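Let's take a friendly walk through one model, with the coordinates open beside the text.

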Amino acid sequence: MDAIVAARFLHTFSPTIRTRTRDLNVFRMSSVPTPAEHVDEDNVIRNSPGGGESLVRSNIRNMSIFKATQPIEVLSRRLGKKVSDIVKLDANENPYGPPPEVAVVLGTLQFANIYPDPDSGYLRAALAEILGVGSEYLVVGSGADELIRLIMSVMLDPGDKIVDCPPTFPRYEIEAALVGATVIKVPRMVDFSLNMPQVIEVTKKERPKCVFITCPNNPDGSMISDEDLSKLLNLPVMVVLDEAYIAFSGFKSRISWVKRYDNLIVLQTFSKSCGLAGLRVGYGAFPLSIVRYIWCAKLPYNVSVAAQAAALATLQNPIYVEDMRRSIVQERERMFGLLNEIPFLKPFPSYTNFILCEVSPGLEAKKLQEELEKMGVMIRHFNLSDLRGYLRITVGKPRDTNILLDCLRILHKGFPQN
Ligand SMILES: Cc1ncc(COP(=O)(O)O)c(C=O)c1O
């Protein structure tokens with residue numbers, strides 16, 4: 001079926017695919033349902049005898065739907081603004097996108113009709129050369145997210161424990177809950193550094209199977225030192241080190257440590273520094289004693305033909321990726337200085353592509369986020385008790401920073417004390 005026939009077919013028969021745009025390959029949805037909207041709550045029969053909700057595992061019945069950030073075209077529709085009028089600084093995406101080679105390989109993609117390589121073999125070989133670990137340590141996933149899920153499903157029986165250090169990336173807690181594991185939380189200190197004595201004590205006492213450490217941490221951008229990491233690695237626990245943002249830190253990745261430590265897993269991703277968030281490619285280095293079981297649990301065709309080709313093409317242009325990384329780091333420092341001049345924000349120094357800001361007492365962080373959204377600037381507010389007075393802002397292009405700062409200044413002028 002060529003594109004025109006496919007378009008006619010969908011236009012005529014599909015109740016959900018609506019207006020065909022000028023570009024035959026692009027369809028626009030007239031309404032985009034969020035997950036909650038898929039379900040007509042009034043028509044849900046919750047507890048039919050022996051069926052319905054009663055069949056859902058009890059730990060999942062208590063979970064709520066994760067509110068992920070939305071892509072720009074969905075936002076554009078929701079906010080009634082043109083895509084070009086939206087400044088998207090809410091999901092730590094890379095504003096530059098991947099090198100031009102990616103568009104070329106995607107435009108000339110062969111073998112979309114054939115299942116992808118289940119081993120991501122070429123990609124693992126290319127990564128092994130760059131990372132200094134053999135490809136036998138590496139598994140590629142549909143984003144680092146998938147690898148976090150795989151770690152949980154391979155390592156945790158219901159009732160097993162993990163240590164989590166909030167505020168941090170929420171996926172660890174969610175995935176642990178999915179498998180019925182218990183999450184022991186060791187909150188970070190007020191400056192967001194790890195509470196090392198507490199992590200060590202809890203690990204010795206509670207015997208968790210895994211400790212999850214994000215380095216640099218999301219949402220504050222802080223690092224763990226070699227000394228502290230070594231202390232954790234001397235404990236009888238699997239340390240999962242999530243290095244999603246390591247490229248922006250200026251520090252060396254610890255991925256090659258996996259060869260030395262049988263209790264270290266390191267995760268990285270193409271989503272942030274390589275600009276491929278939309279194609280979903282992440283990878284992890286696993287101890288050889290564990291990696292076999294990750295392969296057992298992994299879905300065979302977890303990384304699409306397009307995703308593997310795009311990631312390989314990205315690796316072929318390291319100069320582009322390095323330029324992009326340098327621009328983002330440079331812009332982060334400029335943005336930090338500018339945010340520091342905003343009287344109601346206190347930015348935290350960051351080793352990532354985002355900056356966490358504390359909002360002055362008396363002002364509501366959520367309200368600020370909503371006001372900025374009305375102006376077309378998307379930033380992140382967390383509905384969490386330990387982050388209620390904070391906002392996280394992704395580093396975009398210089399123009400994005402300038403618009404953000406203009407909006408913040410406008411908001412400041414409107415505050416009652418002025
Ligand atoms: C700390 C951290 N780890 C992992 C991920 C997920 O990365 P991916 O896009 O590769 O699934 C994110 C995404 O925001 C993140 O912040």
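Buried here means under 20% relative accessible area, exposed means over 50%, and partly exposed lies in between, with a 1.4 Å probe and protein chains only. Strands (E, at least two residues) and helices (H or I, at least four) are DSSP runs, numbered from the N terminus. The model is predicted, so local features need pLDDT of at least 70 and side-chain atom pairs count only at pLDDT 80 or more, while totals for chains, interfaces and linings use all residues. Residues are numbered from 1 along each chain as its sequence is written, and side-chain values use heavy atoms, leaving out hydrogens and water.

Start at strand β8, residues 282-285. Gly282 and Gly284 point one way, Tyr283 and Ala285 point the other way, and all are buried. Strands pair if DSSP finds at least two bridges between them. Strand β2 (residues 138-141) runs antiparallel to β8, joined by 4 bridges, and Gly141 stands opposite Gly282. Strand β7 (residues 264-269) is also antiparallel to β8, with 4 bridges; here Gln268 is the bridge partner of Tyr283.

Now move to Ser222, in the loop between β5 (210-214) and α10 (226-233). Is Ser222 buried or exposed? Ser222 counts as buried because its relative accessibility is 16%. Beyond its neighbours within four places in sequence, Ser222 has contacts (heavy atoms within 4.5 Å) with residues including Arg188, Phe192 and Tyr351. Thr352 is 130 residues away from Ser222 in sequence, yet their C-alpha atoms are 8.2 Å apart.
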